[in-house]
Amino acid sequence: MNRPPVHGRVDRPVGVVTRGTTNPNRLRRVDSWIADRCAAALGAADDPLVVDVGFGTTPVTTVELRSRLVAVRADVRVVGLEIDPVRVAAAQLAAAPPGLTFRRGGFELGGLRPVVVRAFNVLRQYDESAVRAAWTTMTDALAPGGFVVDGTCDERGRLASWVLLDSSGPISLTLAARLANLDRPATLAERLPKALIHHNVAGQPVHAFITALDDAWQAAAAYRSFGARQRWIEAVGRLCTDWPILDRPRRWRRGEITVAWSAVAPGSAVDARPGSLLRLVDRPGR
């Protein structure tokens, strides 16, 4: 994948046209997380620009993204990007609220300098070998202090995962589920981001993490009588001693868990001894 200019005029979008299927509310979990985790960055930005990469055959999830972020910053600007010019033209014909536009673009971000980028269910359709270049292309185009959120989810948005990146690279991995429908956390492995999904094998850190979460869920079975939410909170809490968990119970209640990327990155050393993985210093905005 060639590295494009990070701002200014872009002659050719970087990427390929993907299937583009989507559904209303499919990305509500990641949108809620972005509104929380990226609130400080949006609040401090001179230009609160957000880019949605690959909105698909219909721009419904881009419209929803803007509606959720106006509560964080009333003057937020959201730009939906698509490589397929037919999709862009159709989106431009639809009525859109102020602050929402659509244009042609890909991983080069259309020459824009956003504070937040959401790229969901896009890289899952690429080879794993393309991930790092796509990440670098997007993070190089960020405004100072900006973030990229790259992830994937099932068709109804009940199972999801995403990686948070800044200009230095990946920061964290988040797993999220609709707890009422979750049979066991191991199911989330089916929706890992492209950078991790092929590494969910014995001996790899992400496999060790998901196994630990699944074991904690089983160990918390006594909490079933209090509901799936309380069982999940108990399970996640059990991981905090041995894994660098970066979020807090208010996010766990939503069926989320966020772990430092350094603990799950492919090729990282795995030490399964209790207490071997130290918790990282909490970052502002979580």
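How many bridges join strand 7 to strand 8, and in which sense do the two strands run? Five bridges join them, and the two strands run antiparallel.

The structure before you is a predicted model, in which local features need pLDDT of at least 70 and side-chain atom pairs count only at pLDDT 80 or more, while totals for chains, interfaces and linings use all residues. Residues are numbered from 1 along each chain as its sequence is written, and side-chain values use heavy atoms, with hydrogens and water left out.

Let me begin with the whole protein. It contains 10 helices and eight strands. Both kinds of element are DSSP runs numbered from the N terminus: helices are H or I, of at least four residues, and strands are E, of at least two. Of its 286 residues, 53% count as buried; buried means under 20% relative accessible area, exposed means over 50%, and partly exposed lies in between, with a 1.4 Å probe and protein chains only. The protein exposes about 12,400 Å², and carbon and sulfur atoms supply 51% of that area. These areas come from the Shrake-Rupley method with a 1.4 Å probe, and for residues only the protein chains shown count as cover. Among contacts between residues at least 6 apart in sequence, 69% join residues at least 24 apart; contact means heavy atoms within 4.5 Å.

Eight strands form an open sheet with mixed pairing, in the order 3-2-1-4-5-6-7-8. Strand 3 (100-104) and strand 8 (256-260) stand at the edges with a single partner strand each, so one side of each has no neighbour in the sheet. From one strand to the next, the twist averages 20°. Two strands are said to pair if DSSP finds at least two bridges between them.

Both senses of pairing can be illustrated. Strand 1 and strand 2 run parallel and are joined by five bridges, with Val-53 opposite Leu-81 of strand 2. Strand 5 (residues 147-153) and strand 6 (residues 159-166), in contrast, pair in the antiparallel sense over six bridges. Within strand 6, Ser-161 is the residue opposite Thr-152.

For the pair with which I opened, Ala-176 has Glu-256 of strand 8 as its bridge partner. Is strand 8 enclosed by the rest of the structure, or left open, and why? Five of its five residues are buried, so strand 8 is largely enclosed by the rest of the structure. In a regular strand, side chains alternate between the two faces of the sheet. Here Glu-256, Thr-258 and Ala-260 point one way, Ile-257 and Val-259 point the other way, and all are buried. Strand 2 is likewise largely enclosed, because five of its six residues are buried.

Helix 5 (residues 131-140) lies across strand 1, strand 4, strand 5, strand 6 and strand 7 (169-177), and runs at about 55° to strand 6. Such angles run from 0 to 180 degrees between N-to-C directions, and the axes are lines fitted to C-alpha atoms, for helices over the stretch in contact. In helix 3, the buried residues are Thr-61, Thr-62, Glu-64, Leu-65, Arg-66 and Leu-69. Their cover includes helix 1 (28-37), helix 2 (39-44), strand 1, strand 2, strand 3 and strand 4.

A pair of helices also deserves attention. Helix 7 (residues 205-219) and helix 8 (residues 228-239) pack with their axes 8 Å apart, at an angle of about 130°. Helix 7 is therefore oblique to helix 8, given that angles under 35 degrees count as roughly parallel, over 145 as roughly antiparallel, 65 to 115 as roughly perpendicular and the rest as oblique. Among the residues making the contact are Phe-209 and Trp-217 of helix 7, and Arg-231 and Trp-232 of helix 8.

Leu-109, in the loop between strand 3 and strand 4, has a phi near 65°, a positive value in a residue other than glycine. Leu-109 is buried, at 0% relative accessibility. Asn-121, in the loop between strand 4 and helix 5, also is not a glycine and has a positive phi of about 60°; its relative accessible area is 11%, and it is buried. Finally, Thr-187 lies in the loop between strand 7 and helix 6 (194-197) and is buried, with a relative accessible area of 15%. Leaving aside neighbours within four places in sequence, Thr-187 is in contact with Leu-159 and Leu-182.
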